[in-house]
Amino acid sequence: MSLRIYAAFLFILLLAGCQGTAERPVMKIGYMNCNSEAETLTRFRPLTQYLSDKLEIDFQAIPVDTQDFPERFAAGEFDFTHSNSLVYVIMREEQQLELLATEQRGNYGSRTAGAIIAKKGSGIETLADIKGKRMIFGPQLAPSGFLAQYDLLLREGIDPELDIAYYAIPSGSFKHEKVVYAVYFGDYDVAAAPALDIELMTKDGKITADDFVILGQSPIFPYCTFGARKDLDPDLIKRFRQTLVDLTETDTVDYQGETLKVLASAWIDGFEALQDSDYDYIREMAKRANMPPYQEF
Amino acid sequence: MEKRFDLVLGALLLLCAVTLVGLLSGTGSQASQRDLRVDKALEQEIAYQAKVSFLERLYAPVINLRDSGQNESALLQLDELSRKYPDEAHGETLRGEILLQLGATQKAIGHLASAVRMNGDYVDKQSPLSRRGLIERLLASELTKFKQLAADNSASRSSQAALKDLYYLQGRLAGGCE
């Protein structure tokens with residue numbers, strides 16, 4: 001008899017457990033790939049787990065190629081977004097994406113900048129010297145690896161399509177490091193490099209501050225950004241934002257049998273709640289450079 | 001009788017001699033203690049001057065780049081120096097100054113407050129390291145802005161942290177309770 005009672009109790013417990021799991025909603029977060037899908041998932045799965053624990057939602061991390069990001073978001077493949085700030089602006093203009101929080105990393109915190117560099121001693125000392133030279137850019141939708149430098153050249157009266165002998169974009173992963181090394185090893189005369197990558201490479205000892213001349217640098221503008229679909233529950237959006245901005249470097253998450261520091265595992269210093277108007281400089285650059293979302297043919 | 005008088009006189013002379021020796025040795029010890037104190041103060045001053053001189057030499061490339069308007073290159077020099085001297089107060093001050101010029105005000109405030117926390121000389125008028133003027137100007141231009149920003153954007157931990165740092169700098173300029 002007691003065995004039957006025990007079995008019934010166990011069954012009820014199991015049923016309750018199953019019901020609890022089934023009731024927890026499932027939502028997707030699209031993460032823009034920086035270098036590779038594998039790297040993106042390694043970086044962001046612990047943060048995704050942390051968000052799931054805090055918000056009691058089963059979030060799934062979806063790695064997304066930069067070029068496909070706006071289209072896949074528009075198709076409803078994910079509810080939350082983590083992308084660079086230009087892709088945020090594109091989705092804001094086209095899909096009314098809700099701004100959540102901006103990532104902080106490096107010297108400029110929640111901001112970043114794009115620099116144009118040449119190797120020291122190459123004879124290239126100013127932006128005017130790059131006319132007729134070979135230049136290497138980062139990927140087209142990179143605000144601090146392409147857009148900022150393209151715009152900087154236009155503002156200096158240099159048309160990259162006409163005044164530079166040749167320009168290219170490297171293929172594969174780690175494009176920002178590749179452009180720096182391309183100049184370092186003399187394959188190109190000038191490179192468009194994000195200020196953050198130059199900073200990190202210097203801190204890591206991969207390059208030294210004396211290796212390059214910074215010919216010009218853009219003003220600072222917002223860095224990578226979390227966004228939310230406009231029709232989501234406003235309370236969820238608020239709690240998601242607050243969870244991000246409340247994260248500190250000591251917060252941990254239990255992930256696959258390990259206790260990890262959430263921010264460190266995602267290579268992030270923290271999050272800041274910016275205003276959409278803080279992204280206006282990116283809009284201005286995109287308009288001047290005839291780039292999405294304002295591109296005209 | 002005469003012999004007894006000589007004995008008393010001898011004893012008195014001996015007493016005088018002992019007293020004199022005692023007095024002289026006492027004066028000498030006071031003098032040497034004073035010398036020691038002077039030496040200590042001098043040593044501290046020399047060590048301080050040496051530190052200031054070392055910092056000037058160490059950060060000269062950063063300062064030269066900054067003064068010639070190459071703030072981005074100056075930051076890279078600082079990044080490189082921070083590998084050997086991480087979180088060093090003078091480097092923090094320079095980083096704050098440069099970031100301020102580059103428009104990254106919030107981060108600049110954090111670095112300047114961190115420098116003052118590590119070394120009060122940066123708010124000391126008498127110190128060659130003093131950045132009191134800069135901090136006064138920073139407070140005049142940013143305190144009201146950040147109060148408003150923190151009030152408008154209560155979700156932003158970083159603007160609240162910047163405001164807290166500004167209050168800290170304001171408190172350090174005002175000085176302690178004496």
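**Pocket and interface of a predicted model**

User: Which helix gives the most to the lining of the second largest pocket?

Analyst: In this predicted model, local features need pLDDT of at least 70, side-chain atom pairs count only at pLDDT 80 or more, and totals for chains, interfaces and linings use all residues. Residues are numbered from 1 along each chain as written, chains are lettered from A and ligands numbered from 1 in written order, and side-chain values use heavy atoms, without hydrogens and water. α2 (37-55), α5 (143-155), α6 (175-184) and α7 (195-204) of chain A each supply at least two lining residues (helices are DSSP runs of H or I, at least four residues, numbered from the N terminus). With five residues, the top contributor is α7(A).

User: Where does that pocket lie?

Analyst: A pocket here is an open set of points on a 1 Å grid over the protein atoms alone, where a 1.4 Å probe fits, with protein on both sides within 12 Å along at least five of seven lines; lining residues have an atom within 4 Å of a point. Domain bounds come from an automatic or database assignment. Both domains of chain A give residues to the lining, so the pocket lies between domain 1 (10-108 + 222-288) and domain 2 (114-218).

User: How many residues of chain B are in contact with chain A?

Analyst: Contact means heavy atoms within 4.5 Å. Chain A brings 25 residues to the meeting, and chain B brings 20.

User: Which residue of chain B forms a salt bridge with A:Asp246?

Analyst: The rule (a Lys or Arg side-chain nitrogen within 4 Å of an Asp or Glu carboxyl oxygen) finds one salt bridge across this interface. The closest N and O atoms are 3.6 Å apart, and the partner of A:Asp246 is B:Arg157.
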